[in-house]
Amino acid sequence: MQNTFLVIIEILGTLAFAISGIRLASAKRFDWFGAYVVGLITAIGGGTLRDVLLDLPPFWMLNWSYMAVTGVALLLVIVFGRYLIRMQNTFFIFDTIGLALFVVVGIEKTLAEHYPFWVAIIMGTITGAAGGVMRDILINEVPLIFRRDIYAMACAVGGLVYWIGWLCGWQVYILEILTAATVIGIRLAAVQYHWGLPVLKGEMDVDGGPKS
Amino acid sequence: MQNTFLVIIEILGTLAFAISGIRLASAKRFDWFGAYVVGLITAIGGGTLRDVLLDLPPFWMLNWSYMAVTGVALLLVIVFGRYLIRMQNTFFIFDTIGLALFVVVGIEKTLAEHYPFWVAIIMGTITGAAGGVMRDILINEVPLIFRRDIYAMACAVGGLVYWIGWLCGWQVYILEILTAATVIGIRLAAVQYHWGLPVLKGEMDVDGGPKS
Amino acid sequence: MQNTFLVIIEILGTLAFAISGIRLASAKRFDWFGAYVVGLITAIGGGTLRDVLLDLPPFWMLNWSYMAVTGVALLLVIVFGRYLIRMQNTFFIFDTIGLALFVVVGIEKTLAEHYPFWVAIIMGTITGAAGGVMRDILINEVPLIFRRDIYAMACAVGGLVYWIGWLCGWQVYILEILTAATVIGIRLAAVQYHWGLPVLKGEMDVDGGPKS
């Protein structure tokens, strides 16, 4: 019962991540194959980087469902293209719930490998946010999460909540719910109220440095 | 005898991949070192990603010949620069034969690690196509395989042929020949007849999404 | 005593690398989080790639100090922004000394895994130079080390000096000092005298190739 629920969330989250990648690829006039690859990497890129850093087998190599869900995402974009724009908010919800789940999975997989909590928070953030960075590199854009509203920050704060709850000795399922709620809450509020982090002021002379 | 033949194919394929990277780097006015690195990553990037995902030691760290072949490629471009353009077709043949070999190697290395066939097909495609994607990221271009003619698709179909043949119980060397022939055939036909996959239509509003 | 000295060098080197990343991110108007990530990846990216290729746990996952030093780097740029420009030369010295140390660490970690010397030289170069390449990919620029003055080349020559010294049977601490001195010397001379590698001439027809 509880497991079925988590599987459904993971499928919806993967679908939303893949669709976000495929739609950005379509704006760059990628062909179907290119769009599929960008969608796939958006969905599984963060978890893959986490697994490589933790020296675990990449999760998607153990279960073909991520390939299939990305295929469904491509089909949806091909068939319903224009209509999906009106469903923006639905996908945003899926995406946010998926993000929250990915963060929790990333944290717990890292703790299971006996890494300390600060590594787990980084891995939770990587699981949630790195796929979007890879997507933006593939379509040759500056990664948006580095410039716009609070996305990766929501993952990191969620991870912090997990840690604090754990220090308080709370039970795992409470930690999971609190973490997910934090990620979702911050993400929703950030978009609703246009929260953003301060931007670093560019220096005029920045390209003149000896390192660069 | 058979081994010598495969070694020669691998050297020619590596050479063709490296030259493709070095020539694109030269168009961006990279220096010799930069061109060498781009050529090297074009040639070994796909196999390296495969080996990291399979948790194997990267193949080029066990044999210095890939470094040397890339050095020869750089020398050829430096010395014969303009003349190489006229040899376009020769390099295209090397490149295509190398691609076919890389796909077969990627499939068989993955099966040897006891992964299922669908993972092997993905790894065959990664071995053949990911180096070119890394090359395009390094020279700061949108990866061409996502937009132009059928390249990675040929790898994937070749992998499918391997799987079908295996299900039919055919012998390994026949599977290898059929897979290579499929990759080469599709690739040649795609360039000859300008085959391409359908392009996803861009949505006007694509940048307005909440995820992006 | 000797250890304390090395720790101080590593902290200063990490700080200089992180600041170089954060300053370039600020020129692209990244927010604080984005700048932190770019600074972090500039500082730890090369060593992380080395550890993944060597199948070792990434060094920064075993010690939180790299996270903290990058935080200090961000704080310095936020608070002292404009004044840092005048300290260009100071950071250049830190950066160069850090580079030399990273190369030595990369070489010795690789030799400890029983890889041959030519792999160790590559890993030393990756440790020193790959973080800057990742930084440039994240800010969507063509990697500068591929086009401007001698940076990665200094790492490679330093590695060569290590190898030659080892063949001569010299003691490890002498090899380390000679290697570091070589990297620092070449780097300083390259900037002072505008040394650069020859640039590959672009071919007009470079985009017309079948592979590209």
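Modeller: Buried area is the accessible area, taken with a 1.4 Å probe, that two parts lose on being put together, summed over both. The model discussed here is a predicted one.

Colleague: How much area is buried between chain B and chain C?

Modeller: The contact brings together 47 residues of chain B and 36 residues of chain C. Carbon and sulfur atoms give 66% of the area buried between these two chains. That buried area is about 3,600 Å².

Colleague: Which three residues of chain B lose the most area to chain C?

Modeller: The area in question is the one buried between chain B and chain C. Three residues together account for 19% of what the chain B side buries. They are Asp31(B), Phe33(B) and Met61(B).

Colleague: Which helix gives the largest share of the side of chain B that touches chain C?

Modeller: Helices H1 (2-27), H2 (32-53), H3 (65-86), H4 (88-112) and H5 (117-138) of chain B give two or more residues each to that side. The largest share is nine residues, and it comes from H2(B).

Colleague: How many charged residues does the side of chain B that touches chain C have?

Modeller: H2(B) supplies nine residues of this side. Sorted by class, the side has 28 nonpolar and nine polar residues. The number of charged residues is 10.

Colleague: How many residue pairs are in polar contact between chain C and chain A?

Modeller: The count of salt bridges between chain C and chain A is zero. Polar contacts are present between these chains, with both residues at pLDDT 80 or more. The count of such residue pairs is four.

Colleague: What relation holds between chain C and chain A?

Modeller: Chain C superposes on chain A with an RMSD of 0.0 Å through a rotation of 120°, and the shift along the axis is 0.0 Å. The relation is therefore that of a three-fold axis.

Colleague: Why do chain B and chain C meet through different surfaces?

Modeller: Chain B can be laid on chain C by a turn of 120° and a shift of 0.0 Å along the axis, with an RMSD of 0.0 Å. The copies meet through different surfaces because the share of the interface residues of chain B that are also interface residues in chain C is only 11%.

Colleague: How many residues apart are the parts tied together by Lys28(A) and Glu141(A)?

Modeller: The side chains of Lys28(A) and Glu141(A) form a salt bridge of 2.8 Å, N to O. Lys28(A) lies in the loop between helix H1 (2-27) and helix H2 (32-53) of chain A, and Glu141(A) in the loop between helix H5 (117-138) and helix H6 (152-167), so the pair ties together parts whose separation in sequence, in residues, is 113.

Colleague: Which helices of chain B does the pair of Phe117(B) and Tyr162(B) link?

Modeller: Over all chains, the structure holds 20 aromatic pairs. One of them, Phe117(B) with Tyr162(B), is tilted, at 6.1 Å centre to centre and 45° between the planes. The two residues are 45 residues apart and lie in distant parts of the chain, namely helix H5 for Phe117(B) and, for Tyr162(B), helix H6.

Notes:
Residues numbered from 1 in each chain as written. Chains lettered and ligands numbered in written order. Predicted model: local features only at pLDDT ≥ 70, side-chain atom pairs only at ≥ 80, totals over all residues. Heavy atoms only, no water. Salt bridge = Lys/Arg side-chain N within 4 Å of Asp/Glu carboxyl O. Polar contact = N/O pair within 3.5 Å; in protein donor to acceptor, adjacent residues only side chain to side chain. Contact = heavy atoms within 4.5 Å. Helix = DSSP H or I, 4+ residues; strand = E, 2+ residues; numbered from the N terminus. Nonpolar A, V, L, I, M, F, W, Y, C, P; charged D, E, K, R; others polar. Least-squares fit on C-alpha atoms with pLDDT ≥ 70 in both. Phe/Tyr/Trp six-rings, centres within 6.5 Å; stacked < 30°, edge-to-face > 60°.
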